[in-house]
Amino acid sequence: SRQLTASVSHKIGMEKVIIVLLGLVALASADCGALDRLKVKTEWAQVYGTSHQRVEFGQKVFKGLFAKDAKAVELFKRVNGNNIYSSAFKAHASRVLGGLDMCISLLDDEATLNAELAHLNKQHKERGIDAAYFTEFGEVLMDVIPDWLDHSFDKDAWSACYKVIADGIVG
Amino acid sequence: NCAGSTAHVTSTGQTMLRYLVLLALAAYASALDDVECCSLEDRHEMSAIWEKVWSAEFVGRRVQVAKAIFHDLLEHIPEATSLFTRVHVEDFDSPEFTAHCVRVVSGLDNLISLLEDPDTLKEQLHHLAEQHKARGGITKAHFTAIGHSFERVLPQVASCFNAEAWGRCFRGIATGISEPLPV
């Protein structure tokens, strides 16, 4: 990259190099930038895109969440959280993932994303869900997603972009 | 609806047998409800049609299709407009209405993905039924109307649209969601 930097500086001058470098620093700090969003969308499409594995994926996420925090099961009494293999819980898991799918797909449309996050914020507030659960849910998601990808997983991009979504829902 | 096949069967066989078959079919139909009228093959057709319409990563296509469907619905049933004031129906391009459109097509996407898991599908239909009931003012007729809108819009965006298979499965889904709603 030093060689690249040198040849670039030779061509377009020092000022532009500084701008390019600043841009790279911004990307490296994983702030859920435009390119992070594209990558997250692509990786998510691999995980969620084909329908037959969705329920199984959702069960794995909730299995992980309940293993991490047994108290979380209480929140899902209404949808039979005690049995993640029940139809009621599978339907619930499919709704949660559907919501996540909407947010991830909207990552490149800020205005609509914010409208959707506001909608989800209202839904979750009515249920009185603690912000800490969103952090745990995110951690489990980061654990499970790579298992469903057939190649590399950009954890920095995911963590940063998941935070945008979770912060929006928690409000 | 399964009524057609029931009538067909009753035209064959003797009176007593006919009666028994009818009873059995009636029990079968009520136990399995209308979703079962969309066969396994129909479900595959519906999924294949939907896959052509859906875009996994970007919502642009979903939004355009959903907006075309709502445009068609409100053109045919203008009085339904008032049902969507909460989501800024007066401005189709507002983030609120766009997000609403994304929720509707994502909801359908979710149902289509559950076609292979009928028990979970039923739970989800029940959940959506309660959501629609709670909104108030939504009728069974509205679901029939939006079904027609789907049938007018989707062939414009999906090639090889199988109207019959789609129609059977969509009616099954719509019947499930509108079950507790007034006519």
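**Exercise 1. Determine whether Ser178(B) is buried or exposed in this predicted model.**

*Solution.* 
Step 1. Ser178(B) has a relative accessibility of 5%.
Step 2. The term buried applies under 20% relative accessible area.
Step 3. Ser178(B) therefore counts as buried.

**Exercise 2. Describe where Ser178(B) is found and what Ser178(B) touches.**

*Solution.* 
Step 1. The residue belongs to helix α8 of chain B.
Step 2. Leaving aside residues up to four places away in sequence, Ser178(B) touches Lys140(B) and Phe143(B).
Step 3. A polar atom of the Ser178(B) side chain lies 2.6 Å from the backbone oxygen of Ala174(B).

**Exercise 3. Classify the crossing of helix α3 and helix α8 of chain B, and state which residues meet.**

*Solution.* 
Step 1. Two packed helices are described by the angle and the distance between their axes.
Step 2. The axes of α3 (residues 40–53) and α8 (residues 163–178) of chain B come within 8 Å and cross at roughly 95 degrees.
Step 3. Angles of 65 to 115 degrees count as roughly perpendicular, so α3(B) is roughly perpendicular to α8(B).
Step 4. On the α3(B) side, the residues in contact are Asp42(B), Arg43(B), Glu45(B), Met46(B), Ile49(B) and Trp50(B). They meet Ala165(B), Trp166(B), Arg168(B), Cys169(B), Phe170(B) and Ile173(B) in α8(B).
Step 5. The residues of this contact comprise 8 nonpolar, no polar and 4 charged.

**Exercise 4. Carry out the corresponding analysis for helix α4 and helix α5 of chain A.**

*Solution.* 
Step 1. Helix α4 (residues 54–68) and helix α5 (residues 87–105) of chain A have axes that come within 9 Å and cross at roughly 95 degrees.
Step 2. α4(A) and α5(A) are therefore roughly perpendicular to each other.
Step 3. Residues of α4(A) in the contact include Phe57(A), Phe62(A) and Phe66(A); among those they meet in α5(A) are Phe89(A), Val96(A) and Leu97(A).
Step 4. The residues of the contact divide into 8 nonpolar, 3 polar and 2 charged.

Conventions: Residues numbered from 1 in each chain as written. Chains lettered and ligands numbered in written order. Predicted model: local features only at pLDDT ≥ 70, side-chain atom pairs only at ≥ 80, totals over all residues. Heavy atoms only, no water. Axes fitted to C-alpha atoms, helices over the stretch in contact; angles between N-to-C directions. Helix = DSSP H or I, 4+ residues; strand = E, 2+ residues; numbered from the N terminus. Parallel < 35°, antiparallel > 145°, perpendicular 65-115°, else oblique. Contact = heavy atoms within 4.5 Å. Nonpolar A, V, L, I, M, F, W, Y, C, P; charged D, E, K, R; others polar. Buried < 20%, exposed > 50% of the residue type's maximum accessible area, 1.4 Å probe, protein only. Polar contact = N/O pair within 3.5 Å; in protein donor to acceptor, adjacent residues only side chain to side chain.
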